[in-house]
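Please look over the sequence and the model below before reading on. The text then walks through the structure step by step.

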Amino acid sequence: MSDTPFGFGLPPEEPENGDGQKKDPAGGGQGAGGQGGNPFGFPGAAGGGDNPFAAMFGSMNPNDLGAAFQQLGQMLSYEGGPVNWDMAKQIARQTVAQGTADGTKDESVGPAERAAVQEAVRLADLWLDDATSLPSGSTTAVAWSRAEWVEATQPAWKELVDPVAERVGAAMGGVLPEEMQAMAGPLIGMMRSMGGAMFGQQIGQAVGTLAGEVVGSTDIGLPLGPAGKAALLPLNIEAFGKDLGVPKDEIRLYLALREAAHQRLFAHVPWLRSHLFGAVEGYARGIKVDTAKLEDAVGQLDVSNPEQLQEALQQGMFQPEDTPEQKAALARLETALALVEGWVDAVVHAAAKPRLTSADALRETLRRRRATGGPAEQTFATLIGLELRPRRLRDAARLWASLTDARGVDGRDDLWEHPDMLPTATDLDDPDGFVHREHLDFSELDKMLGEAAEQNGPSLKKDDGKPAANGESDETGETGANGDGKGESDK
């Protein structure tokens, strides 16, 4: 679990890359935010060293100063929620426009690429019909540019990030004594505006960088795009397959299989999305701030010195503490995401293996992409402190494959009917034990309870819905228990 979700405060040392090497403290390592490995933190903003405003003023020619001061005015006048999402979208779009580290610039998707994506998703859905009992969940197939991905996924990012930022903001605001809150009203308002802008600046940088890497709308195992819309990014797919030596059509089709499989799962398991996003909210509810440290820092602040406030922010003034509630929520989320990704991995492999000669190679490439901590995983890890371990993904894929062998496709997919039927983290350690264990069929239980209610209902209630009183006849002509006639137990 990441030590500093949202990056409050400087970590004790530079985090590790996927290969176990320390990142370049000068900013050479690419984190989810693109530079500095701290996409959501107040310190280390991209392109600006330790100053989050440097992204705005750092490498600027004099002609841009007017726009910069206008942006600063928007920052200080912001009165919205915990994150300035207008700023986040603006910076994400700017980041996309700058292009990726290899110099690739975003470009509009042409008609030929859109048609190729639509055909790939159509064929992928046809192949998946043999690999899963869940019907198609894609009502449309779209090809997005990077900028279109930013626009389409912002509502999901907002839903993920706002609970965490809101809880952090509430924890900060509740520290000051009431009399001090009255005296420091303008300062608190300014801090709230700056906090929302700083969140927006860092999140926008991270999402913009992520847009240069993702190949669809479900890369992190969550439905970031609109429901029922299978989306692929042709430009990023081309970059993904550049050195693989695999035909472009096969790569597109394999990634379409993954996107379409995710869409089926989220469309036909109605509780899954709220279960995943609810775990993020559960994490947010567990956030606590070191109030003693914060009170001490606030007591030493000079309200007339903005630079001192900035320095306090950079030194981890608002660093949250880990709590048991957070750890429990993240454990649930990690297991659920591993099960989602493992199911998709198993189903896609079953559909692709007989048809694509490159299926094994592409499967392993995507697994290694996760193992080395691509931007998707790093963004999500920094966002809520979660790191989806590749070992869990492989264990989950192995478990779903074993379930297919033991129970068939229908028996495997039936486990998605209820969250209590799914494997747990312990089951991932012992997949064989889970596969051969008897599980309660919740649909049969519901049927049995319904039949029991229908049988007992008339004898226990009058036609007005009230229980039959002693000696009072119900609609069947029989009297209730302890009356003149015989009750149910006497028959």
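The model is a predicted one. The protein contains 19 helices and 4 strands. It has 491 residues, and 48% of them count as buried. Its exposed surface comes to about 23200 Å², of which carbon and sulfur atoms supply 50%. Among contacts with a separation of 6 or more, 74% are between residues 24 or more positions apart.

Some of the helix packing can now be followed pair by pair. Two packed helices are described by the angle between their axes and the distance between the axes. A place to start is helix α13, which spans residues 324-352, and helix α9, residues 248-268. Their axes come within 9 Å and cross at roughly 130°. An angle of that kind falls between the cut-offs of 115 and 145 degrees, and α9 and α13 are therefore oblique to each other. The crossing of this pair is right-handed. On the α9 side the contact is made by Y254, L257, R258, A261, H262, L265 and F266. Helix α13 contributes V340, E341, W343, V344, D345, V348, A351 and A352. Sorted by class, the α9 and α13 contact has 11 nonpolar, 1 polar and 3 charged residues.

Helix α13 also packs with helix α10, residues 272-285. Here the angle is about 155° and the axes are 8 Å apart. Because the cut-off for roughly antiparallel is over 145 degrees, α10 is described as roughly antiparallel to α13. The crossing of α10 and α13 is left-handed. From α10, the residues in contact are L272, H275, L276, A279, V280, G282 and Y283. Their partners on α13 are E325, Q326, A329, L330, L333, A336, L337 and V340. This contact of α10 with α13 has 11 nonpolar, 3 polar and 1 charged residues. V340 is listed in the contact of α13 with α10, and V340 is listed in the contact with α9 too.

Is Q326 buried or exposed? Q326 lies in helix α13. Its relative accessible area is 1%, under the 20% cut-off, so Q326 is buried. Q326 and A284 are 42 residues apart in sequence, and their C-alpha atoms are 7.3 Å apart in space.

Helix α9 has a further partner in helix α4, residues 111-128. The angle between α4 and α9 is about 60°, and their axes are 8 Å apart. This crossing is right-handed. The α4 residues in the contact are A116, V117, A120, V121, L123, A124, D125, W127 and L128. Those of α9 are R252, L253, A256, L257, A260, A261 and R264. By class, the contact of α4 with α9 divides into 13 nonpolar, no polar and 3 charged residues.

The last stop is a residue in a loop. S145 sits between β1 (140-143) and α5 (146-173). With a relative accessibility of 9%, under the 20% cut-off, S145 counts as buried. Leaving out residues up to four places away in sequence, S145 touches D106, E107, V109 and L233.

Notes:
Residues numbered from 1 in each chain as written. Predicted model: local features only at pLDDT ≥ 70, side-chain atom pairs only at ≥ 80, totals over all residues. Heavy atoms only, no water. Helix = DSSP H or I, 4+ residues; strand = E, 2+ residues; numbered from the N terminus. Buried < 20%, exposed > 50% of the residue type's maximum accessible area, 1.4 Å probe, protein only. Contact = heavy atoms within 4.5 Å. Areas by Shrake-Rupley, 256 points an atom, 1.4 Å probe, with all protein chains shown as cover. Axes fitted to C-alpha atoms, helices over the stretch in contact; angles between N-to-C directions. Parallel < 35°, antiparallel > 145°, perpendicular 65-115°, else oblique. Left-handed = near helix turned anticlockwise from the far one by under 90°. Nonpolar A, V, L, I, M, F, W, Y, C, P; charged D, E, K, R; others polar.
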